[in-house]
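Trainee: I would like to learn how to read the helices and strands of a model, one step at a time. Could we begin with a helix and what surrounds it?

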Amino acid sequence: MSTTVTMTATRPTEASRSDARIRRENHHEAEVVVVGAGIFGCAVAFALANQGRSVFLLERWMKEPDRIVGELLQPGGIMALKKLGLGDCVEGIDSVTCHGYNVIYHGQQTHIKYPGLDEDGQVPHRWSGNGPEGKKQLGRCFHHGRFIMNLRRACLEHSNITVVETEVVGTVKSPHTNQILGVESQTLNPKTGKKEKDYYFGDLTIVADGYASKWRTPILKSAPVVKSKFYALELIDAELPLPGAGHVIIGDAFPILIYQIGTHETRILFDVPINLPEASPANGGVRGYIKNHAIPTLPASVRPAVERALEDGKIPRSMPNSWLPATPQVANGLVVLGDAMNMRHPLTGGGMTVAFNDVLILSELFHPSRIQRLNDVAAVQSAMNAFYWRRKQLTSIINVLAQALYALFAANDRELRILQLGCFDYFQRGMLDGPAGLLAGIIQQPAVLAYHFFSVAFLALWLHGWTVVSGPFGFLKFPICIIDSILILWRACMVFVPVMWREAFR
């Protein structure tokens, strides 16, 4: 997968933009080579180019992508996008404002609005219930491909970025130091219609080739854990119970997400665990599961649109729901970032928020005032070490929240169902600003997540205990209540602690 060549050309320390462009076009040399023009790739290319870096952005396929995830950008992601100078990219794509969540638990609804911020940019009531209305934060929902094309357009218009449609197939290493000097690719020759070998050189190569990365295993030595898939339908003119909110349906099926992505289009995602018996070929496959188990769980107003979307007879498109904790990496001229490095269950829609905040941190650590030349291996390694730990203030929250909430919402045992009921009751009691701020990516204190998670657990213990001991001679059931409490608390710890430990402290 690697090619060894000798590169002796040097670049002036302060080249003008025109000279840098000439070197990119004539010699295929830049300061940074970014592989993948997706969410992370576009954002990091733009951020580094804004600092005066000369950047290559390489993408295998420049046509508008058609994906079923990456369609909800949380308020924390919107804030980061604006700081990167890319805030306009959510405009002009028929995006829909999202003001929070509508959690529907066996037919009962609870509206969870994104919280407002105080003058210091903090959620004032993050430890308790609802605070003053103030200026609420907002998210945006959209067609993923349209958003990507706006990000790419911003990069195409940047004078410090050269965007190339080419398929990267390997790395280029120094024969003396084993340092990565760039990449080898195959570029289509429009005259011959054949792909030709090509090379792009940079002081630093950033690989951001997404959830199906071919670079992850050989470089990071890690692989994602996949326990379920999201199967997607696009609904036309669906009647949502609460317009402008993302809907989470919890009932007799596995979790279902619904959110509007355009004036007429609404996305619905059905979580289907791997090897689920109800989705076996004998039971009609995934379509059979949706018809027989998922649709009856949905609000009545949504069912007609789902039934219409199923009329084509096709199996809905799917995406794996992955958990991939980040791992430290040796930055020997190349780093792997974005979904290629770190993923979480998409239930909470936090992926893009993580990506844009990662770019903010990375661009600060890579700023020319800190690292003049990105071929300084020691300096880049030091920056990557700092990046690995600094990002955890947010990513540990987003990742743990996604995994923990999925465990509760997809509850498949008695203890988890008790915790699930406790979670919904917690929301109904008005304990919203903290959880909503965590979901929104605007609270970056892992302790707040731990506080609310175990508050839910102890509320679940209290509710269950009251149910057990209520009625005549209920005190005789007290020993059962004690045993149940231990089992429930232990289950809560097993859901939260291992993931939190992995995400926050390793």
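Mentor: The buried residues of helix α6 are Gly285, Val286, Arg287, Gly288, Tyr289, Ile290 and Ala294, where buried means under 20% relative accessible area with a 1.4 Å probe and protein chains only. This is a predicted model, in which local features need pLDDT of at least 70 and side-chain atom pairs count only at pLDDT 80 or more, while totals for chains, interfaces and linings use all residues. Residues are numbered from 1 along each chain as its sequence is written, and side-chain values use heavy atoms, with hydrogens and water left out.

Trainee: What covers the buried residues of α6?

Mentor: The cover includes the strands β13 (225–236), β15 (256–260) and β16 (265–273); helices here are DSSP runs of H or I with at least four residues, strands are runs of E with at least two, and both are numbered from the N terminus.

Trainee: How are two packed helices described?

Mentor: One gives the angle between their axes and the distance between the axes. The axes of α8 (residues 351–365) and α9 (residues 377–390) come within 10 Å and cross at roughly 150°, so α8 and α9 are roughly antiparallel to each other, a term for angles over 145 degrees.

Trainee: Which residues of α8 and α9 make the contact?

Mentor: Asp358, Ile361, Leu362, Glu364 and Leu365 of α8 meet Ala383, Met384, Ala386, Phe387 and Arg390 of α9, contact meaning heavy atoms within 4.5 Å.

Conventions
Axes fitted to C-alpha atoms, helices over the stretch in contact; angles between N-to-C directions. Parallel < 35°, antiparallel > 145°, perpendicular 65-115°, else oblique. Buried < 20%, exposed > 50% of the residue type's maximum accessible area, 1.4 Å probe, protein only.
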